[in-house]
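Please take a moment to look over the sequence and the model before reading on.

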Amino acid sequence: MPVESSSSGVVRQAKQKRKSHSLSIKRTNSTEQERSGLQRDMLDGQSSDNLECLARMEDSKLPLSLRTNLIDLFSQIEREFENLYIENIELRREIETLNDRLTADGQTLEGTDLAKGALKTKTSHSTSQLSQKLKTTYKASTSKIVSSFKTTTSRALCQLLREYVGHRDGIWDLSVTRTQPMVLGTASADHTAMLWSIETGKCLLKYLGHQGSVNSIKFHPTEQMALTASGDQTAHIWRFMVQLPTPQPVVDVSQPLCDDDVDVSDKDEAEVEAEGPNDCPSVRVASTTLRSHQGVVIAADWLVGGKQAVTASWDRAANLYDVETSELVHSLTGHDQELTHCCTHPTQRLVVTSSRDTTFRLWDFRDPSIHSVNVFQGHTDTVTSAVFTVGDNVVSGSDDRTVKVWDLKNMRSPIATIRTDSAVNRISVSVSQKIIALPHDNRQVRLFDMSGVRLARLPRSNRQGHRRMVCCSAWCEDNTSCNLFTCGFDRQAIGWNINIPALLLEK
């Protein structure tokens with residue numbers, strides 16, 4: 001009997017399990033049917049469901065504030081769903097229209113694939129348009145911000161006035177006479193030096209006495225004489241007489257504000273050559289030739305008073321000559337590598353020489369019995385130039401992309417350092433405004449004050465500015481139109497009018 005009762009219990013449990021399983025299946029099916037019905041009801045009319053939901057919420061035991069928040073959330077969900085539903089209907093209509101067009105054109109595609117492809121195309125196209133719109137808007141807003149920033153911070157006016165074209169090769173150096181008549185001199189790798197009318201841009205005289213590249217040109221402080229250094233291992237002193245032509249109206253080919261950095265394509269070389277002077281008078285014989293170097297003479301300058309001249313050479317020496325007798329007075333040795341530049345103080349018997357050995361040296365000839373020398377070590381690459389200011393400062397530029405301002409009374413460290421993005425060539429300092437002009441290898445010319453604050457960058461566009469490395473800069477204090485000149489390996493020199501407001505200089 002116990003066995004029979006246990007077996008009947010097992011059978012009864014199995015029947016209950018099958019019954020519960022069938023009930024769960026029915027419940028599941030009914031749940032799925034309810035969900036599908038709910039979706040249809042939501043598609044057909046969601047307001048009735050919302051009313052039912054509200055009725056249930058009224059019977060709910062939830063707090064009133066919580067029920068209000070839930071009603072607001074359900075309303076927002078309903079609105080979002082309605083918007084999606086309307087967009088879905090519009091997309092389906094567009095798909096049907098595209099399908100009809102493709103069918104009319106004889107193309108056959110599956111409906112589902114076409115729908116997916118159309119949706120994908122639609123999505124990618126809209127995404128691309130949105131992305132492009134965002135980029136355009138961002139660029140426009142950024143440009144406005146940058147433009148407003150430039151307007152408020154950089155008020156320097158840099159205007160291109162003249163282009164001096166006529167050399168057959170790159171121009172290494174340029175200088176302006178210190179006395180009347182005011183002319184511009186250029187030294188070129190085409191073995192010539194030229195004198196130009198500043199106001200008209202016309203060539204006035206050509207010097208043809210050198211047998212090698214003319215690397216520098218400097219004018220006598222009081223007489224109409226020029227000092228040129230050359231790759232033929234000599235320096236020449238030659239006299240000139242020029243008659244200035246009638247000034248012509250200046251054609252404004254520039255953009256007034258500085259910092260216009262627009263890249264340009266290179267100008268055709270034949271076009272540059274065609275613009276050269278054809279009837280320029282020439283001088284072929286030097287009045288004095290300075291010899292004794294065993295290498296290229298890279299630079300030369302007059303000492304104060306003009307009775308002596310100094311030359312710098314690749315033979316690692318600088319020589320001091322007597323101009324009248326052309327005799328060698330002193331040989332300044334000590335640099336470990338080739339010299340790159342030399343410069344004299346405007347009012348004192350001081351000479352500074354720069355070299356590829358990363359140093360520049362100050363030579364003092366104020367005391368005839370003692371010739372002292374001081375070595376400045378602060379650069380990590382070739383010192384391309386070092387120049388004096390009116391005060392007790394020296395400004396040095398280097399291939400290490402820095403320019404440093406030094407105090408002659410304290411040579412241990414510079415008082416200002418300017419860091420740039422390109423190697424710096426032969427710099428110049430304005431006497432009146434104390435502005436440093438930096439010519440760069442990357443065709444740019446930048447202006448800084450003596451404390452290292454950037455003032456401006458000369459404009460460049462497809463119609464103006466240098467197209468090759470800028471080799472040298474020179475200020476002209478006495479000219480009212482062109483007060484800064486630059487030259488480069490694009491075979492031209494350029495005259496600029498630089499106007500830096502006093503307020504900007506005070507900053």
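Among contacts in the chain between residues at least 6 apart in sequence, what percentage join residues at least 24 apart? The share is 53%, where a contact means heavy atoms within 4.5 Å. This is a predicted model, in which local features need pLDDT of at least 70 and side-chain atom pairs count only at pLDDT 80 or more, while totals for chains, interfaces and linings use all residues. Residues are numbered from 1 along each chain as its sequence is written, and side-chain values use heavy atoms, with hydrogens and water left out.

The secondary structure of the chain comes to six helices and 29 strands; these are DSSP runs numbered from the N terminus, with helices being H or I of at least four residues and strands being E of at least two. Of the 507 residues, 43% count as buried, a word that stands for under 20% relative accessible area, with exposed meaning over 50% and partly exposed in between (1.4 Å probe, protein chains only).

Rolling a probe the size of a water molecule over the atoms shows where empty space is left. On a 1 Å grid over the protein atoms alone, a pocket is an open set of points with protein on both sides within 12 Å along at least five of seven lines, a cavity is a set of points where a 1.4 Å probe fits but cannot get out, and lining residues have an atom within 4 Å of a point. Grid points are joined across faces, edges and corners, and a volume is the space filled by probe spheres set on the points.

The largest pocket has a volume of about 990 Å³, and of the 42 residues that line this pocket, the closest to its centre are Arg178, Pro346, Val429, Val431 and Trp475. Several strands each supply at least two residues of this lining, among them strand 2 (171–176), strand 6 (214–219) and strand 27 (470–475). By class, the lining divides into 21 nonpolar, 13 polar and eight charged residues, where Ala, Val, Leu, Ile, Met, Phe, Trp, Tyr, Cys and Pro count as nonpolar, Asp, Glu, Lys and Arg as charged, and the others, Gly among them, as polar.

Strand 2 also holds aspartate 173, which counts as buried because its relative accessibility is 2%. The side chains of aspartate 173 and lysine 218 are joined by a polar contact of 3.4 Å, that is, a pair of N or O atoms within 3.5 Å, of which, within protein, one must be able to donate a hydrogen and the other to accept it, residues adjacent in sequence counting only if both atoms are side-chain atoms.

Strand 25 (residues 445–449) pairs with strand 26 (residues 454–457) in the antiparallel sense over three bridges, pairing being a matter of at least two bridges found by DSSP. The two strands form a hairpin with four residues between them, and glycine 452 in the turn has a positive phi of about 95 degrees.

Most residues other than glycine have a negative phi, and most peptide bonds are trans. Lysine 434, although not a glycine, has a positive phi of about 55 degrees, and a cis peptide bond joins glutamine 180 and proline 181.
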